[in-house]
Every structure is written in C-alpha cells, then in structure tokens.
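I opened this notebook to record what I looked up in the structure.

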Amino acid sequence: MEVISNGQIFKSRRVVTTVPQQLLANSVKFSPALSTDVMGIMKNTHTWMGDSVKGAVTYKTPFWKENNFSGALYSNVGPFVQMYDQSSSDGKGFALVGFLDGSISHLPLQERKAKVVEQLVRVFGEQANEFLDYTDTAWNDEEFTMDSQGTRLSRHRNNGHLVYQQPMMGGRLIIGGTETAVHDGGYMEGAVNSANNVFKMLVD
C-alpha cells in the first residue's frame with residue numbers, strides 16, 4: 001500500500017484510517033477506486049461531532065456555587081443545551097463548559113458569545129456578565145472533521161454500517177472510527193468498540 005500526502009509517500013502492508021467517513025470519501029482518492037456502493041455509504045455516514053459546537057466561559061470566581069447552583073444545565077431553548085461546571089481541581093480556574101445547539105454554528109463568534117452570555121444571565125443572574133473569556137469550537141469549521149461541501153445528515157445515519165466491519169482493498173484498508181462501530185456508534189464508547197474491531201481485523 002502507498003499513501004501519498006503533501007508530496008510524501010508512505011508504504012505499508014495495511015492502512016488503518018479513522019478519518020470521518022464523509023470527509024474521507026470527499027477528500028481522499030483511492031486507487032484502485034472503492035466501489036460505488038461503498039463510496040455512497042461513506043458520503044452518507046453522519047460524522048457525530050460534525051454538527052456540534054462546544055463552548056467555554058471562564059470566570060474569576062465560581063459564583064454559581066456561592067449561590068448554591070451546581071453549574072449543570074440542560075435546556076431545550078439554548079444556546080447551551082448541555083453544560084457543566086468544569087472548574088479546575090486546584091481551585092485556580094473556574095469555567096462553565098458544554099455543548100451548544102448546532103443551529104447557531106453559522107453565526108459569527110461574537111453573536112454566539114452574546115447569545116450564550118444572555119442565557120447564562122437568565123439562569124444565574126447578572127454575575128454571569130462578569131466573565132473573563134469566552135471561546136467555542138464549531139466542528140463543522142474544522143477541516144479534519146467535516147467536509148465543507150459535505151451534505152448535512154441526520155444523526156447516526158449509516159453509523160455501524162456492515163460495510164465497515166470488514167477490511168477493503170483485499171484486506172489492506174481498514175476504516176475505523178466511532179461512526180463505524182456497530183454498538184454505540186458516534187459516542188466515546190463507539191470509539192473504543194471500533195478500536196477493538198480494528199484490532200481483531202489486524203490480527204486475523
């Protein structure tokens with residue numbers, strides 16, 4: 001097997017890739033080409049974190065604890081739909097961290113920040129305005145996670161598909177990653193299950 005990347009050539013007996021399958025299909029050229037059916041499934045395999053936005057707001061003090069709040073939040077309104085107290089164990093850093101509704105990923109960073117802080121003020125009061133920093137990551141902007149031209153898919157679509165359970169290209173190509181796992185595809189547990197399956201394919 002030869003893998004050519006940025007002008008460099010890497011040779012091996014087998015290749016394992018965990019690049020998200022939709023991105024893999026749209027960014028890597030295979031020779032000989034994979035079948036039309038396999039390529040179609042890859043292009044239509046949902047990338048689990050691809051639609052997600054993770055945000056963090058840091059504070060000088062954990063004012064929510066002082067007001068007897070845990071810092072945990074679940075919301076159907078958002079933009080934070082799931083949030084937790086992620087303060088450091090040494091008591092020197094204080095933060096609220098969680099996942100934002102993916103529908104705001106298209107907004108500019110400053111607008112996302114304004115909406116998040118507005119929500120925190122509604123929940124925790126005006127002290128939430130006194131934040132040190134806000135940062136977030138919209139995974140659909142990450143070049144090694146999502147294909148900018150890829151179709152947005154329903155969650156878990158084709159996760160754990162049968163096509164990923166066997167090596168391809170005469171046993172020389174193995175496609176892994178959480179989206180390929182039969183059980184818990186798209187989750188952390190799915191990543192572990194996929195790794196175990198890849199290991200079995202390598203030793204068989």
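Helices (H or I, at least four residues) and strands (E, at least two) are taken here as DSSP runs, numbered from the N terminus. I note that the model is predicted, that local features need pLDDT of at least 70 and side-chain atom pairs pLDDT 80 or more, and that totals for chains, interfaces and linings use all residues. Residues are numbered from 1 along each chain as its sequence is written, and side-chain values use heavy atoms, with hydrogens and water left out.

**Entry 1: cis peptide bonds.** I looked up the loop between α1 (21–27) and α2 (36–43), where P32 lies. The peptide bond from S31 to P32 is cis, its omega being near 0 degrees. I then turned to P79, which lies in the loop between β5 and β6. The bond joining G78 to P79 is also a cis peptide, with omega near 10 degrees.

**Entry 2: helix α4.** I checked the span of α4, residues 109–124. Its 16 residues reach 22 Å from first C-alpha to last, close to the 22 Å expected at 1.5 Å a residue; the expected span is 1.5 Å times one less than the number of residues. I list R112, V116, V117, Q119, L120, V121 and F124 as buried in this helix (buried is under 20% relative accessible area, exposed over 50%, partly exposed in between, with a 1.4 Å probe and protein chains only). Their cover includes strands β4 (53–59), β5 (73–74), β6 (80–85), β7 (94–100) and β8 (131–138), as well as helix α3 (63–66); contact means heavy atoms within 4.5 Å. After α4 comes G125, with a positive phi near 100 degrees.

**Entry 3: helix α5.** I made the corresponding check on α5, residues 188–203: its 16 residues should span 22 Å at 1.5 Å a residue, and the end C-alpha atoms are 23 Å apart, which agrees. G190, S194, V198 and M201 are buried. Viewed down the axis of α5, its buried residues fall within an arc of 75 degrees, so they line one face of the helix; the arc is that of the directions from the helix axis to the C-beta atoms. The face turned away from this buried side carries the exposed M188, F199, K200 and V203. I found β3 (15–17) and β9 (173–175) among the elements covering the buried residues of α5.

Entry 4: Which phi value does N6 have? I recorded a positive one, near 50 degrees. N6 sits in the loop between β1 (2–5) and β2 (8–11), and N6 counts as exposed because its relative accessibility is 79%. For N68, phi is positive, near 65 degrees. I located N68 in the loop between α3 and β5; at 74% relative accessibility, N68 counts as exposed.
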